[in-house]
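Please keep the sequence and the model in view while reading.

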Amino acid sequence: MEIRWASQSILDKAMERRTLLTGNYTIPVGEGQEQTTATAVQTGIGWTIVRENSQLVSIYPGFRVQAPPDDPDLVKHVNDIVEPWLAGMWRRCQEDGEVWFRGRVDHIAYGRTWSWMSHVPERWSSDEIRAATEELKNADTPEATKAAKLKLNKLKNGQTPLRWRYVDYRGTWFEPDTQHWLPEVVECRKMTRQQIEDEYPDATIPGKWAKGADTEIDVYHYANWRWQATIISDGNKDGTGEFAVDPWEHGMDCNPYILEESGILPPNDRGWRWAG
């Protein structure tokens with residue numbers, strides 16, 4: 001997919017240079033003289049425009065669940081439980097930092113925002129939570145049941161099983177399809193050994209990366225409508241590596257990656273989709 005989207009990457013880099021003020025411009029140095037290349041000195045108008053425009057679409061969203069008005073019990077359940085749960089989960093699932101506000105900048109500057117949202121089963125499968133679950137199952141008195149429920153709830157409250165994280169637009173590509181939205185997505189994350197060991201403690205890091213704690217390693221996360229998997233590249237060009245997370249069925253009936261896009265260009269032969 002990286003080859004397929006190579007032309008788009010070139011266009012993205014051009015916009016990145018304007019936004020981050022790292023672009024070089026050819027300027028005349030005098031009549032009759034050859035032109036030379038100099039680093040631009042300017043007021044930062046590119047970043048100023050992106051920042052100001054992104055603020056216009058960065059309003060924090062609210063949540064509203066519409067229940068049938070003729071069912072008062074359901075209305076009460078929605079008002080007292082569902083809506084507060086959504087508002088709380090919206091914040092708690094963003095453990096890696098604010099996804100919403102960060103994505104607005106990408107949307108304005110580069111024409112799209114990527115994020116990933118999925119359940120994370122292992123968050124509720126720790127040894128402590130398993131033991132507390134067994135304790136609740138074996139409780140034989142109302143007092144023991146109440147105490148076991150309280151203990152289990154406290155453990156689960158500290159381990160949100162949903163995760164919504166920001167995804168870097170530069171290394172994330174998808175395969176367009178006419179039947180499904182985002183049928184296949186591949187994200188390339190640059191991670192150090194320490195980051196990999198922290199996020200994937202059971203993973204085997206290929207021998208090539210045995211040394212160099214600060215070396216950035218390509219970690220590929222793949223997802224479609226049914227499966228997810230994570231592979232640590234071994235550094236070879238043939239695309240091989242070690243599974244950090246074996247393929248598993250997520251059961252979401254959609255791709256866990258979320259793409260918000262605008263400024264889509266007309267069909268063209270340059271391989272460009274987003275104008276930025």
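A salt bridge here is a side-chain nitrogen of Lys or Arg within 4 Å of a carboxyl oxygen of Asp or Glu. By this rule the count comes to 16 salt bridges. The model is predicted, so local features need pLDDT of at least 70 and side-chain atom pairs count only at pLDDT 80 or more, while totals for chains, interfaces and linings use all residues. Residues are numbered from 1 along each chain as its sequence is written, and side-chain values use heavy atoms, with hydrogens and water left out.

One of these salt bridges joins Glu-83 and Arg-64, whose closest N and O atoms are 3.4 Å apart. Glu-83 lies in helix H3 (residues 72-92) and Arg-64 in the loop between helix H2 (45-55) and H3, so the pair ties together parts that are 19 residues apart in sequence. Helices (H or I, at least four residues) and strands (E, at least two) are DSSP runs, numbered from the N terminus. Glu-83 is buried at 14% relative accessibility, whereas Arg-64 is exposed at 61%. Buried means under 20% relative accessible area, exposed over 50%, and partly exposed in between (1.4 Å probe, protein chains only).

A second pair sits within one helix. Glu-134 and Lys-137 form a salt bridge with closest N and O atoms 3.8 Å apart; being 3 residues apart in helix H5 (residues 127-137), they are separated by about one helical turn. Glu-134 is partly exposed at 40%, and Lys-137 is exposed at 60%.

In the salt bridge between Arg-226 and Glu-249, the closest N and O atoms are 3.0 Å apart. This pair links distant parts of the chain, 23 residues apart: Arg-226 is in the loop between strand E7 (217-224) and strand E8 (227-233), and Glu-249 is in strand E9 (residues 241-249).
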